Amino acid sequence: MTEFAPTAPDVAVLFEGGGMRAVHSAGVVETLLEAGIHGGLAAGISAGATHVANYLSRDGARARNSFVELAADPNFGDWRSFARGKGLFNAEYIYEQTGLPDQALPFDFETYRSSATTARIGTFRCSDGATVFWTDEDAATMGDLMRMVRSSSTMPVWMPPVLIDGEYYVDGALGQDGGIPLSAAREEGYERFLVVLTQQRGYRKVPPRRLTPFYRSYFRRFPAVGEALLRRWALYNETLDEIEELEEAGAAVVFRPERTMIRSYERRVDRLAEAYVLGREQARREVDTWLEFCGL
């Protein structure tokens, strides 16, 4: 099996989540692949985990289709699937079925495994609130990988938690970084970062004060989830502050969508397609800066 070596081995490529807002980042994935920018590490949380999978499998078309065409699939999910306990987004179908051969989004697992870029997929363990970053060793099969991507992308309340090896997991955005996997790269020793965000410059989260009683009541079985939802805003803002400091120091380049027109639960294909084009065009304008940063 041919191994695909990183072209920028000292750079970590980080993908933020954000549900369907990550459609902007699909254009970034395509542009990175076209430009031959392959970092030494690729880490993603929530919807960003899908981008890691597509980036390492070198499938730009799948990156787009995962956030545009798939939204028109009748099995994508809605209030009916939510009522049946499968989630507002039918995660089992989206992550564990569409990538199979002859399905909606066939996944090239062989190419994924051939990449010498290290992968990290962040998720949140419900029992104790630990942040878990799945590694290459955890993904022995495509089924393993897609279940991990699903666990990272499972929005609390709207999607059922995912059971892996006797533990339940939900959206990695609840973890220590607040949704941007900076700590995963730092733990691996990286000091230079290409960061792909899904919010505009200057965005910061605010505390969810009105939801406090609901979260604590709804997550009585997993109180760590409720508490994490209440503190996520602070962790997220702290990570953004760190990224801005790295950017000012020349240790990071950051993609931020110039125009955010998509909410996390958007499913109108025309709106998603428009947002994808905006992200793709912006990425093409910025790619020379990325190439210079990566020494390419």
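Me: What sits over the ring of Tyr276?

Reply: The charged end of Arg64 does. The structure is a predicted model, and the distance given for it, from the charged end to the ring centre, is 4.9 Å. The limit for a charge over a ring is within 6 Å of the ring centre, together with a condition on the angle to the ring normal.

Me: Which residue lies over the face of Phe293, and at what distance from the ring centre?

Reply: Arg192 does, at 4.0 Å from the ring centre.

Me: Why is the pair of Phe107 and Tyr112 called tilted?

Reply: The structure holds 9 aromatic pairs. In the pair of Phe107 and Tyr112, the ring centres are 5.9 Å apart and the planes stand at 55°.

Me: What makes the pair of Phe109 and Tyr112 stacked?

Reply: The angle of the planes does. The centres of Phe109 and Tyr112 are 5.9 Å apart, and the planes are at 15°. Stacked means under 30 degrees, so with 15° this pair is stacked.

Me: How far apart are Phe109 and Tyr112 in helix H6?

Reply: They are 3 residues apart, about one turn of the helix, and H6 covers residues 109-114. Phe107, Phe109 and Tyr112 form one aromatic cluster.

Me: How do you know whether Phe107, Phe109 and Tyr112 are buried or exposed?

Reply: By setting each relative accessible area against the cut-off for buried, which is under 20%. Phe107 has 8%, Tyr112 has 5% and Phe109 has 17%. Each value is under 20%, so Phe107, Tyr112 and Phe109 are buried.

Me: Which residues line the second largest cavity?

Reply: Tyr112 is one of them, and the others are Ala119, Arg120, Ile121, Trp134, Thr135, Ala139, Leu145 and Met148. The cavity holds about 30 Å³ of space. Strand E3 (118-125) and helix H7 (142-152) each supply at least two residues of the lining, and the largest share, 3 residues, comes from E3. By kind, the lining has 7 nonpolar residues, 1 polar and 1 charged.

Me: Why is H7 called largely enclosed by the rest of the structure?

Reply: The count of buried residues decides it. Of the 11 residues of H7, 8 are buried, so the helix is largely enclosed. The buried ones are Met142, Leu145, Met146, Met148, Val149, Arg150, Ser151 and Ser152.

Me: How many cavities of 30 Å³ or more are found, and how much space lies in the largest?

Reply: The search of the whole structure finds 2, and about 70 Å³ of space lies in the largest cavity. The largest cavity is lined by 13 residues, with Leu197, Gln200, Arg204, Leu240 and Arg256 nearest its centre. Its lining divides into 5 nonpolar, 3 polar and 5 charged residues.

Me: How much space lies in the second largest pocket, and how many residues line it?

Reply: The second largest pocket has about 240 Å³ of space and 17 lining residues. Met159, Pro160, Pro161, Tyr218 and Phe219 lie nearest its centre. The lining has 13 nonpolar residues, 2 polar and 2 charged. A pocket is an open set of points, whereas in a cavity the probe fits but cannot get out.

Me: Why is Ala71 called buried?

Reply: Its relative accessible area is 11%, and the cut-off is under 20%, so Ala71 is buried. Ala71 is found in the loop between helix H3 (60-67) and helix H4 (79-83). Leaving aside neighbours within four places in sequence, Ala71 is in contact with Met20, Phe76, Arg267, Val269 and Leu272.

Me: What makes Ala252 buried?

Reply: Ala252 has a relative accessible area of 5%, which is under 20%, so the residue is buried. Its place is in strand E8 (residues 252-255).

Me: How far apart are Ala252 and Phe293, in sequence and in space?

Reply: They are 41 residues apart in sequence and 8.2 Å apart in space, C-alpha to C-alpha. Ala252 touches Phe293, as well as Phe193, Leu246 and Glu247, not counting residues up to four places away in sequence. Contact rests on heavy atoms within 4.5 Å, whereas the value of 8.2 Å runs between C-alpha atoms.

How values were computed. Residues are numbered from 1 along each chain as its sequence is written. This is a predicted model: local features need pLDDT of at least 70, side-chain atom pairs count only at pLDDT 80 or more; totals for chains, interfaces and linings use all residues. Side-chain values use heavy atoms; hydrogens and water are left out. On a 1 Å grid over the protein atoms alone, a cavity is a set of points where a 1.4 Å probe fits but cannot get out, and a pocket is an open set with protein on both sides within 12 Å along at least five of seven lines; lining residues have an atom within 4 Å of a point. Grid points are joined across faces, edges and corners, and a volume is the space filled by probe spheres set on the points. Ala, Val, Leu, Ile, Met, Phe, Trp, Tyr, Cys and Pro count as nonpolar, Asp, Glu, Lys and Arg as charged, and the others, Gly among them, as polar. Rings of Phe, Tyr and Trp (its six-membered ring) pair if their centres lie within 6.5 Å; planes under 30 degrees apart count as stacked, over 60 as edge-to-face and the rest as tilted. Buried means under 20% relative accessible area, exposed over 50%, partly exposed in between (1.4 Å probe, protein chains only). Helices (H or I, at least four residues) and strands (E, at least two) are DSSP runs, numbered from the N terminus. A charge sits over a ring if NZ of Lys or CZ of Arg is within 6 Å of the ring centre and within 35 degrees of the ring normal.
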